[in-house]
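Thanks for asking me to look this one over. My notes are below, with the model in between so that you can follow along.

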Amino acid sequence: MFGPTPFRDIFLVAGFELREMTRSKRAFLFAALYMIVAALGSYGFVQFLTATQPMREPPQRRDGRPFDFNNTPSPSRPELPAATVTDPNRPTQGKLFQRGSPFRGILSGSVDEQEAVDFMAALPPITLFHMLISLMILPMVIMITSSESISQEHQSRGVRFVALRTGRAEFVLGKVLGQGVTIALMTLLAGAVCMAIAAWKLQDFEFFPTLSALLLFWPRLTAYCVAFLGLAGLCSMNTNSTVGSRTFSLIGLVSLWFISHLVNVYITFLDVGGGWARLLNAIDFFSPFSHQNDLWYPETGRYGGAMASLIFLGVFYLAIGLINYRERDL
Amino acid sequence: MIAPNSSPSALTFADVGKRYGRNKALDGLMLDVPRGSIFGLVGPNGAGKTTTFAIACGFLHADRGVVNLLGEGRFNAKKHRGRVTALPQDAALGRDLMLVDVLRYFGQLQGIPHAQIGSEVDRILQLVDLTDRARHRTRTLSHGMLRRLGIGQAFLGNPELVLLDEPTNGLDPRQARDIRNFIASQRGTRTIVVSSHNLNEIESICDHVALIDHGRLVAGGTISQVTNRNEEVCITLAAGPWPIAQVQAALPGDTIEEDLANRTLRIRFVVQPDRQAEDVTGIALRALLDAGARISAVARGQSLERAFLDLPVGTPAQPKT
């Protein structure tokens with residue numbers, strides 16, 4: 001007989017969570033919410049490009065050299081194939097973040113160092129947009145949707161049927177895993193939506209560079225989500241109502257955001273150093289927002305460290321929650 | 001099935017206390033559920049029955065005292081999964097999944113082998129008469145059907161201890177009877193603890209009973225003990241002679257109570273090897289018939305309902321066993 005093991009139970013609970021989400025249309029609602037934001041956002045972004053790009057950039061070749069309208073390409077000039085020429089009346093996806101461009105200023109506001117700005121500027125703009133919008137809205141989406149996952153079971157007392165058959169830790173981890181898989185799939189789907197809109201509206205949309213950039217960032221985005229899933233799980237497992245868990249999750253989210261920004265402001269503007277700086281940095285470590293910037297760096301050590309920290313935070317939040325959850329009344 | 005070399009008790013509570021804020025839900029509860037018994041837990045609203053179940057199942061943690069399930073300490077999912085099951089009160093099953101999915105999930109979690117899970121789910125659905133609803137979503141079920149599904153999941157696999165909180169609540173009379181018959185048919189194969197407000201139901205299916213009130217044990221023991229079935233005979237007479245003196249003469253030393261309003265004689269006696277309830281009943285009836293009395297009814301002991309109504313609720317007592 002294949003006896004029950006903790007991992008087996010976790011996967012069983014996660015599988016049931018996914019099935020239940022699908023059947024209850026919760027997943028569709030969740031997907032729709034995220035898709036609508038991604039679709040509207042990317043459409044708006046592309047429209048923005050449409051409105052600004054022709055004014056800011058001269059028509060250009062794909063090799064980056066300025067296009068000379070007096071030197072029209074023709075079959076007799078193979079070095080300038082007609083297919084590489086862009087229509088000056090349609091937006092392109094490249095060269096948005098040239099040095100000196102106001103968009104670089106926006107990026108510089110998002111990350112601290114020039115190296116990250118350069119890396120971001122080299123990305124296909126729609127991938128960059130997808131990442132930026134996902135990093136911005138996913139914490140909120142996770143707090144709103146995933147924070148109910150366990151508390152709903154408390155509210156209905158349905159957890160009692162499961163608590164007789166598996167450990168509480170397995171139940172919680174299974175629930176969070178189910179939510180995590182859903183979020184990871186949703187981010188991929190949202191990326192696909194952004195890509196589809198870009199392909200539809202941008203003339204020189206490059207499929208493979210955009211796809212590879214999207215896939216490059218997907219694990220980073222997933223790691224970022226793990227931290228917030230842990231926070232949502234912490235709030236969800238220790239409340240008895242969906243309203244309560246959502247409220248606590250949102251308060252927790254805002255608190256962590258506030259702590260992270262407060263610490264940064266304090267260190268940057270008041271220029272504190274020594275022991276205070278170490279203490280503040282230590283506090284800052286426990287906010288997922290403080291690791292967000294490092295996800296934009298090209299070096300494996302830097303973004304890998306950020307991913308590891310974010311995953312650790314997710315596990316840490318869950319562990320904190322489980323200390324109480326193992327002994328609390330259901 | 002009942003393990004051969006096991007503790008004689010399936011469930012014990014020793015001085016268990018539980019508070020909700022200022023309210024004492026359990027206040028030093030003592031309980032001993034023998035293995036293989038069908039045990040009734042009765043008491044007024046707020047007596048602590050559901051809290052007792054919840055603590056036994058590990059949903060709630062006791063503030064004090066010792067709980068022991070199957071001789072292996074308090075509930076632990078790793079040790080007791082599949083061996084201890086329950087129908088929790090007011091717990092809702094997932095609303096959007098099919099019945100087979102829900103039962104399959106529970107069965108898998110409690111460790112039923114993959115090869116057996118399908119047949120086990122079919123058995124349970126048949127048991128609670130929901131086979132035709134197997135592929136319906138749980139939210140389409142009526143209250144009674146959900147109750148039956150809840151009872152069914154408690155009998156998945158081969159549990160040693162089953163705790164059923166108000167199992168027939170919300171069922172129509174036929175379904176309630178079927179469930180009672182099923183529970184009674186499990187006698188000797190596993191231990192079942194049933195809580196109910198319906199004392200007739202408890203009396204008909206249980207062999208042991210405990211009354212709790214204000215979180216304490218008020219009375220308990222076998223049904224025979226609590227209803228004095230072996231130590232009391234109740235005879236109701238129709239209109240006509242009332243020959244109490246003849247009965248007293250025939251049963252010297254026994255206590256005879258008269259209830260003139262209900263024309264009932266209650267005879268309490270001490271059981272001896274050569275003097276059982278049947279012997280006392282025969283002597284009393286002979287004396288009554290010889291004196292021309294007309295007999296309406298004869299009963300051994302009193303109903304469970306009467307026994308509990310007579311109890312001084314609020315006074316803790318020790319079980320008779």
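1. A definition before we start: two residues are in contact if their C-beta atoms, placed from the backbone, lie within 7 Å. By that criterion, among contacts in chain B between residues at least 6 apart in sequence, 71% join residues at least 24 apart. Please keep in mind that this is a predicted model.

2. Here is the overall picture of chain B. Its C-alpha trace spans about 70 × 45 × 40 Å along the principal axes. The chain has 11 helices and 13 strands, and 41% of its 321 residues count as buried.

3. Now to the sheet. Six strands of chain B make up an open sheet with mixed pairing, and their order is β5-β6-β7-β3-β8-β9. At the edges stand β5 (84-87) and β9 (216-222) of chain B; each has a single partner strand, so one side of each is left without a neighbour in the sheet. From one strand to the next, the twist averages 15 degrees.

4. Which strand of chain B pairs with β3 in the parallel sense over four bridges? The partner is β7 of chain B, where residues 191-195 run alongside residues 38-42 of β3.

5. Helix α5 of chain B, residues 143-154, lies across β5 and β6 (161-165) of chain B. The angle between α5 and β5(B) is about 175 degrees.

Note on methods: Residues are numbered from 1 along each chain as its sequence is written. Chains are lettered from A and ligands numbered from 1 in the order in which they are written. This is a predicted model: local features need pLDDT of at least 70, side-chain atom pairs count only at pLDDT 80 or more; totals for chains, interfaces and linings use all residues. Two strands pair if DSSP finds at least two bridges between them. Helices (H or I, at least four residues) and strands (E, at least two) are DSSP runs, numbered from the N terminus. Axes are lines fitted to C-alpha atoms, for helices over the stretch in contact, and angles run from 0 to 180 degrees between N-to-C directions. A residue is buried if 20 or more other C-beta atoms lie within 10 Å of its own, exposed if 12 or fewer, and partly exposed in between; C-beta atoms are placed from the backbone.
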